[in-house]
Amino acid sequence: MTIWYGGDYNPEQWPADVWAEDSRLFDLAGINTATIGVFSWGLLQPSEDVYDFGVLDRITESLDGRNVIMATATGALPAWLARKHPEVTRVDFEGRKHVYGARHNHCPSSPVFQRFSVELAGRIAERYAGLPNLVAWHVGNEYGGSCYCDNCTAAFRVWLQNRYGTLEALNHAWCTTFWSHTFYDWDEIVAPSALSEHWRGPNHTAFQGITLDYLRFMSDALLENFKAEKAAIRQHSDAPVTTNLMGFYRPLDYFRWAEHLDVISWDNYPPDDRSAPRMALTHDLMRGLKGKPFWLMEQTPSTTACRDVNPVKRPGVMRLWSYQALAHGSDTVLFFQLRASRGASEKYHGAVINHASRSDTRVFKEIAELGAELPLLEGLVGAETRSKVALMIDWNSWWAVEISDGPSRHVSYVQTAIAWYTALQRLDVDVDVIPVDGNISAYDVVLAPLLHMVPDELGRQLKGFVAGGGKFVTGVLSGRVDVDDNAFLTDVPGPLARVLGIRVDETDAQPPTVVNPVQLDGLTSEASLVFDLVIPEHAEVIGTYSADFYAGTAAVTRHRFGAGHSWYIGTMLDAAGLDAVLGSVIEEAGVTGSYARIDGVEATRRYKDGQRYLFLLNHGDREVRVAADKSGTDLLTGSQIEAGDKLVLPATGVVVLRSDDV
């Protein structure tokens, strides 16, 4: 199969005589796939009872011979719908009722929105299901945001009744005897917002249990919108159905969404050009949602347009980042957008084709060069990733850590995960990202930073995993609360205490400027933010604090449990400290890769049909030479490589080495 190459295409913004020029430039660039109709609701349905598919028909005709990903057009409301049915717009966290505008503007609990969106999705599916070049369906667009209206409050109460069954169970879960919050009627429950439980903002709540459940509810409510449109499509088509996720996007628990998407797709817009580990981790997260290859649905060819400062991708970076997505499991390279928007907020967003329709720009030339290379990797589509190391990511722990009153609001769940993952990357370790209810039996090493919330079954699984010979690593603020965000009535870290061989009596927190050095076998690591005072009941101490009243006490421990070992990192170590601790774990497990500790070089592997595809990516700013660990073919040059040969990686350079999988 050919790698899909193309992206989001909105020719309805341009006169029809431009479309022929688009087709010519698509051919030059090697574009074979277009996603169409994402924001065309207002065009396709000009009023409540009128549908007009004329423009979309002509767009599909212009794409004859290219793959079409057809959207349901429900990514933004039409103006007439908000005017005739004001209930479809949201009420925000501050209690303000929104009027028509922007795009993430619909109430997910609105019966009116549900009826019209499903009807439109069904009509589009019925009309275009027979397109010979239709390859997939795209529902909505970048689902997100929250609503606090009366419809959502009523739906929240129903969601709670389904979750808890009785008010007695709910009151117990929410610890409502605190501050006289006991509920005696479901109708007494209101959405947690700036008008009710919150102070200073969405992360500052008097009742974490209420807020946590509203986060869960809103993720589920938006998922129900997706599922309803997918069901409408399924009446007419069996083609894959997806929607574009947004990586580490806190409002939506993507592990709950994953089973309902036929394939995972996502939009990669990193915050800066120094985010290679973050992007790699997020690709692995997207692959981990279903344990299968995913689709890179959007990335910019050159620059974004929504930030205070929007730098262009430097020469070679677009190609490098595209190959990084392929290396971590993507079967597509798709852009937003294929032609630059004519007006409004994204007219300066990067595009394959600029406003002047030029083919001699640096950006277009790089895109065309990549388009000519990708067919060389035709055998890659569908290839799997194999890992002996798993990184556990949990939306519930993420929410719970960051809405907690104490010990520190400076702790970032995502930044902590990135820091741990970066240390693994330097060791050339392929990583699977898994949920807390995932199967861990196939791994040699499981890491779970900030495993704040521990379901009962997970505690039992981890004990069995380590006792059976596995290696488990967790750290500060882990093992603190149950699934209702109530503290375990036992020593910290709760159900993890036995397998870790420790208890934590206190946790100190200091401003970000305060450092407490941790001594690690000759290395000094600058630890910060939070500091567990660890009592090693059975564990050995491998790192100690250097300052404050707990100087000389345990900061990092290691414990033999059954046939395996567990580690506890009781503070936020700096990069050198994480390298040292996680490096010793990986080396003890015997899974350190052949390309470990090569500055700037990322190595990743995929496997298919008895072949291994090794990707070597140079994120540094200078040339690097590395020795090939196996003989094979350099797919991008056609050169035959022998084991031990030097592979040359210029800055932003890429090597894809195909070898026998033996």
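1. The structure holds five cavities of 30 Å³ or more, a cavity being a set of points on a 1 Å grid over the protein atoms alone where a 1.4 Å probe fits but cannot get out, and a volume being the space filled by probe spheres set on the points, which are joined across faces, edges and corners. This is a predicted model, in which local features need pLDDT of at least 70 and side-chain atom pairs count only at pLDDT 80 or more, while totals for chains, interfaces and linings use all residues. Residues are numbered from 1 along each chain as its sequence is written, and side-chain values use heavy atoms, with hydrogens and water left out.

2. About 100 Å³ of space lies in the largest cavity, and of the 15 residues that line it (an atom within 4 Å of a point) T74, G75, R103, H104 and H106 lie nearest its centre.

3. The second largest cavity has a volume of about 80 Å³; among its 13 lining residues, H328, V429, D430, A603 and T604 lie nearest the centre.

4. The largest pocket, where a pocket is an open set with protein on both sides within 12 Å along at least five of seven lines, has a volume of about 1,200 Å³. Its lining comprises 42 residues, and F39, R103, N141, E142 and E346 are the closest to its centre.

5. Three strands (DSSP E runs of at least two residues) form an open, parallel sheet in the order β6-β7-β8, pairing requiring at least two DSSP bridges between two strands. Because β6 (244-245) and β8 (295-298) stand at the edges with a single partner strand each, one side of each is left without a neighbour in the sheet. L245 has W266 of β7 as its bridge partner.

Notes. Helix = DSSP H or I, 4+ residues; strand = E, 2+ residues; numbered from the N terminus.
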